[in-house]
2 protein chains.
Amino acid sequence: MNQIYCFGADVGGTSVKLGLFTNDGALLENWEINTRKEEYGRYILEDVGKAILSKMQERKILKEQVAGIGLGVPGPVKEDGTVNGCVNLGWGVFNVANALSEITGLLVVAANDANAAALGELWQGGGKGFESVVMVTLGTGVGGGIVINRKIVTGADGAAGEFGHMTVNLDETEICTCGKKGCLEQFASATGIVRVAKKKCNEFNANSVLKQEEEITAKSVLDGAKIGDELCLQIMNIVGEYLGISLGCVGTVINPSAFVIGGGVSKAGEFLIELLEKKYRKFAFHASIDTAFRLAALGNNAGIYGCAKMILG
Amino acid sequence: MNQIYCFGADVGGTSVKLGLFTNDGALLENWEINTRKEEYGRYILEDVGKAILSKMQERKILKEQVAGIGLGVPGPVKEDGTVNGCVNLGWGVFNVANALSEITGLLVVAANDANAAALGELWQGGGKGFESVVMVTLGTGVGGGIVINRKIVTGADGAAGEFGHMTVNLDETEICTCGKKGCLEQFASATGIVRVAKKKCNEFNANSVLKQEEEITAKSVLDGAKIGDELCLQIMNIVGEYLGISLGCVGTVINPSAFVIGGGVSKAGEFLIELLEKKYRKFAFHASIDTAFRLAALGNNAGIYGCAKMILG
């Protein structure tokens, strides 16, 4: 019998990551194309479709051999494939799954990119072996996705997993990018860590590695904390406390098998995981206190893995 | 063809509620038996089994006509039916679904009682017409359940939906029943409302209906707030703020179609729903801000409805 394949396409603000998978889950090839955002992003899906069809031609793969395309997009996506506006692609409200399906003649299933990444990590990454994971991505912002019993939790408006906008501090006076105040993202994203660091730096009288930095970065704070720099440890204690409150609430509510931590900040590795585990256990309800913590393992490929898994089921 | 039936059995600390349903979801009869807690609750499932078998005899229902029994228990239950200890029944760790199945010779599916109630409300109660609801029960404690795509979210340890133990106040000095500090339950349960009221009452210098009460109750606070008593309004504003933070976080994370509010405190009706909606929209992420709010409609029968629905699928 002929080999069956599927594609994963993870649309980002600057590039679209593409992956060709066999139906037993092996990634045969991955590549990228530019995201053409001109004219409200009207060429993006066309480009994705062309890239996939020409890959099929190149490899002499017939349509009957393709189970489908999993599509990840950077915005809320409902279960039926309707995108509810993707600001950074210029998209309004339309059904992306139907649109790409018309272009390619293939089955398309769509999801939010962070949700797809969570499914990818559960399938082949840091969450492997678990039935339900909450993936939290600590990058420029804080995002994530929820997978329960190996299925993505999409949310009624396609907006589940927006961990960055949980309110964690009622006294915050600065406004978050979302318009609220005191969101987790204001403390635990890379930019949030820098914000906390700058405040603490002014109050801290002793010496610190941060005082030699021209420009404080999340990496310099984490590197400093790892070598025991007191100021950096204090900063990460504050960041950890807010993450502990939020993940404690998430664990108490959803009770997943594991948390998978990804994004640029997670490059701090085991130091971060140990901090989060400790802070989580401080705030979690006793019945869900043993939830595992893992580092994400697929990096930028988590999305295409998750997209493929949406097709393979 | 013969009529097909199913049973719902909702085990509580003092009584077991039982319901006989047709397979198209009509409740034919409901009744109660005592919960015999002696000898670590060893007679409870036997009593439930006997009650169901004798009801079948009474109504001349054959085993082949019974699709199964849905069983709700007041503690964490894993998807396979394993109870992880039910303190107020005296139960340790064992598979309740298998145990009741052996006694009755019928299929048994088990779930936590609050989770079953959430499913019942989605099916036939306040959440009717929605695909996913978060039910929050404001009673002596604060509990609840999550139903996504018409399926209960059980949690890896059977502990999903423990909304009462989300941390909402880092400055709280009193200890919650769970051992943590600053849990939602300390502010938003009936006892929590009284606790907040007693504190505010001492600080409040003007007149108030509460100052005439011998014993402040959650009902007296809510009744006072409804007629515009300033002290009661201030108390409910604090309670509402904590509920707003928590439900805002839950909405931002899970993005359900609706919140269904139940428990004794929910007898305050539309006043409470309006307060919660207002506070929710203050703390929810913009993408999930339109989540509906509904009052629970099935009262103490929510559990047996949900138990039946677990069998009817």
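Guide: Two strands pair if DSSP finds at least two bridges between them. The model shown here is predicted.

Visitor: How do you know that β2(B) pairs with β3(B)?

Guide: At least two bridges are required, and seven join strand β2 (residues 15–22) of chain B to β3(B). The two strands therefore pair, and they run antiparallel. In one of the bridges, B:V16 has B:I33 of β3(B) as its partner.

Visitor: What makes β3 and β7 of chain B stand at the edges of their sheet?

Guide: The sheet is open and has five strands in the order β3-β2-β1-β4-β7 of chain B, with mixed pairing. Because β3 (27–34) and β7 (108–112) each have a single partner strand, one side of each is left without a neighbour in the sheet. Neighbouring strands here are turned by 15° against each other on average, direction ignored.

Visitor: Why is B:S208 called buried?

Guide: Buried means under 20% relative accessible area. B:S208 has a relative accessibility of 2%, so B:S208 counts as buried. This residue lies in the loop between α6 (190–203) and α7 (218–226) of chain B.

Visitor: Why is the meeting of A:E29 and A:K55 called a salt bridge?

Guide: A side-chain nitrogen of Lys or Arg must be within 4 Å of a carboxyl oxygen of Asp or Glu. Here the N to O distance is 2.5 Å, so the pair is a salt bridge. Since A:E29 lies in strand β3 (residues 27–34) and A:K55 in helix α2 (residues 44–58) of chain A, the pair ties together parts that are 26 residues apart in sequence. Both residues also belong to a network of salt bridges with A:E58 and A:R59.

Visitor: How do you know what relation chains A and B have?

Guide: Chain B can be laid on chain A by a turn of 180° and a shift of 0.0 Å along the axis, with an RMSD of 0.0 Å. That is the relation of a two-fold axis. The same surface serves both copies, as 100% of the contact residues of chain B recur in chain A.

Notes. Residues are numbered from 1 along each chain as its sequence is written. Chains are lettered from A and ligands numbered from 1 in the order in which they are written. This is a predicted model: local features need pLDDT of at least 70, side-chain atom pairs count only at pLDDT 80 or more; totals for chains, interfaces and linings use all residues. Side-chain values use heavy atoms; hydrogens and water are left out. Helices (H or I, at least four residues) and strands (E, at least two) are DSSP runs, numbered from the N terminus. Buried means under 20% relative accessible area, exposed over 50%, partly exposed in between (1.4 Å probe, protein chains only). Axes are lines fitted to C-alpha atoms, for helices over the stretch in contact, and angles run from 0 to 180 degrees between N-to-C directions. Copies are superposed by least squares on the C-alpha atoms of residues with pLDDT of at least 70 in both. Contact means heavy atoms within 4.5 Å.
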